[in-house]
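Here are my notes on this one, kept to a few points. Have a look at the structure first, then read on.

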Amino acid sequence: MFDSLTTRLGDVLDRLKRRGALKEQDVEAALREVRVALLEADVALPVVRDLVAKVKEKAIGREVLKSITPGQMVVKIVHDTLVETLGGEGEDVMLPADPPGAILMVGLQGSGKTTTTAKLALRLKDREHKKVLMASLDVARPAAQEQLKILGEQAGVATLPVVAGQRPVEIARRAMEAGRFGGYDVVLLDTAGRLHVDEALMDEVAAVRDAAMPLETLLVADAMTGQDAVNVGKAFHDRLGLTGIVLTRVDGDARGGAALSMRAVTGCPIKLLGVGEKLDALEAFHPDRIAGRILGMGDVVSLVEKVAETVEAEDAEKLAAKLAKGEMDLNDLAEQLRQIRKMGGMSGLMGLLPGVAKMKNQLAQANIDESIVKRQEAIIQSMTPHERRRPQVIQASRRRRIATGSGTTVPEVNKLLKQFMTMNKMMKKVGKMGKKGMLRGGFPPMPGMPGMPPRF
Amino acid sequence: MSGQGWLGRLRAGLSKSSNRIVDGISSVFTRRKLDEEAIEGLEEVLIAADVGPATAAKLAGKIADTRFEKDVTPEAVRRALASEIAAILAPVAKPVGIDPAKKPHVILVIGVNGTGKTTTIGKLAKAMRDDGKRVVLAAGDTFRAAAVEQLKIWGERSGCPVISRPQGADSAGLAYDALQQAQRDNADVLLIDTAGRLHNKANLMAELEKVARVLKKLDPEAPQDCLLVLDATTGQNALSQVSTFREMLPITGLVVTKLDGSAKGGVLVALAEKFAIPIRAVGVGEGADDLKPFDADAFARGLMGLEA
């Protein structure tokens, strides 16, 4: 989400980097562009002013002027200020000491409350091993209660049976009762979307809060929200006393200034990020990582974690050894392809790499075809185990059979084999040079994919 | 809810934030002379309404060109700005026109998640039914849980048949069936709902393109209209949304929803300048009658906190 901001600040600060000494007017010039970049990123005006003033105060002065690389210094100051504004440490959702505890989900229409409720329920169930009950208090939008019920079935989480005609406060009471009698740890209350300027509906949700006395009141907000984020955040916070924010659609290309705005105006931590339509697409928020991403430093920590989660360390070691000797076979390649897909495809991975955010537009234009990974997997799956171990036996008629079997063409099979051979040869060379270390992570250059672009 | 005209409600909604704008402008012009600082302040006032830094600078610049260093009242500046904005928006204020020769006139409704596509279709269906048209609805959001049920309820409310398939079905196939059915029934309008999708997801965008493609097998001119639904709360990302969706499908109009909140949808000004896509309607509430034609003048005046 913050990629565009990264690009913009990257441009501005790259210019600074190229200069030897940093003058006051350089800082001023850079900050003007930082300001516009932040505004284009939908950071609310008052927050932008604050941020720019803070950076300026820190930047113009002894430490910067005397530092050896002034550009880097400014990058760090902007980074630190962003982290500061986004909030210190990543905080997770509070869990009840005395179950059942309620979590109240509130927000504007269409911000993603119902989907987020189901995601959070699944997360609490799987990660924290909590017994979770969901209840929809949305009696306004047609089929909203039905939607939560279906999501509950998908997530394997219980939902409160719908009683037609009940008002939200009654449903909340019934949900808490069901939570107590059913031995639930957490009761998630999904409310109807409402405008923060709608007095009647704000009164209603305040009454729900009083009835359920939630442990957490989470504002669900769309990452694409504009300047109004400050008004929305403030109104909900003033009225309900929020305990946290969930930012949704972070997998879009919105610059996500709303994150900065809402955090600044409510003082509430951003607790979770929605990063996809699937129910497991909910991530913890880490201000330092996001700030790093804003500045084009790449979300390396996330990448490392993602790899660690998906790739078995032992397998990676084994593979690295094989690679170094040039002994990798097509089984290993298939495994690599599968892992790439598991980690969200090439574009998902590349977005996390330092320096790549800047090139994302070019990459999009270059049309990295995610289906290539799938097709290559299909080709390998159409080979016999023998062929996978010894690709050199695959002659013309076998190629024809593989192409037919995988629904691809002979040239595609040829291409895969050729790339595989080249890769193996190259790895052998690298292995001989003793650079085994670089392969530990399990990332050989993939056939059909452009190599990682160099930074700077 | 009722009893108040939609214009009144729109203005009431707009005034919530335009009050801020008015306050902003008034405070900017306490010194009465339009100097550099005042222009900058004016720019920020527009930015706070989501107009965007570039367009805000341009609008403020126009005011500066004609009135720099002159004594001006806040009211006059407001009026001047409103007429600038109205001039930009007037050419794009065009309601949906149904081609009576088409049986049916196909309208494909698209947009990112949560902008209000299904609700907008429900409202459109109601308005067209009230207009005496035979309307068929296609529940093309086969992805989101209960989206089909949601549209069915709207279909019941407006008395329009809803063509649906179970969740998870192919939406292009459903669209094809729906068009066939609408043709058989000699319907005037077919409204096709689609699942919300983020515009940066290439595969989901390709799926949308496929919906349009299969429709052409039955009617080479279909869809006659392709409406992009935008949430007024959205900031500058709306530009990216329009630009990306437009690459995939010929967008013939915009519908702006949730204008009854305090978000002003100032990004519409930037959109009108950049893409000149007609704004077909605005959503100002959750009721069936809360979809209204877009009135450039009222919008601009409301935005600047002036009486209509």
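**Notes on helices and cysteines**

1. Let me start with a helix pair in chain B: the crossing of α8(B) and α9(B) is right-handed. Keep in mind throughout that this is a predicted model. Helix α8 covers residues 202-218 of chain B and helix α9 covers residues 237-248. Their axes lie 9 Å apart, and the packing angle is about 50°.

2. Which residues of α3(A) are buried? They are A:L45, A:V47, A:V48, A:L51, A:V52, A:V55 and A:A59. Looking down the helix axis, these buried residues fall within an arc of 155°, so they line one face of α3(A). As background, an α-helix has 3.6 residues a turn, so residues three or four places apart point the same way.

3. Now the cysteines. Searching the whole structure turns up zero disulfides over all chains. For B:C160, the closest cysteine sulfur is in B:C226, 20 Å away, which is too far for a bond, given that a disulfide needs the sulfurs within 2.5 Å.

4. Buried or exposed: where does B:C160 fall? B:C160 counts as buried, at 6% relative accessibility. A:C268 is buried too, with a relative accessible area of 4%.

How values were computed: Residues numbered from 1 in each chain as written. Chains lettered and ligands numbered in written order. Predicted model: local features only at pLDDT ≥ 70, side-chain atom pairs only at ≥ 80, totals over all residues. Heavy atoms only, no water. Buried < 20%, exposed > 50% of the residue type's maximum accessible area, 1.4 Å probe, protein only. Helix = DSSP H or I, 4+ residues; strand = E, 2+ residues; numbered from the N terminus. Arc of directions from axis to C-beta. Axes fitted to C-alpha atoms, helices over the stretch in contact; angles between N-to-C directions. Left-handed = near helix turned anticlockwise from the far one by under 90°.
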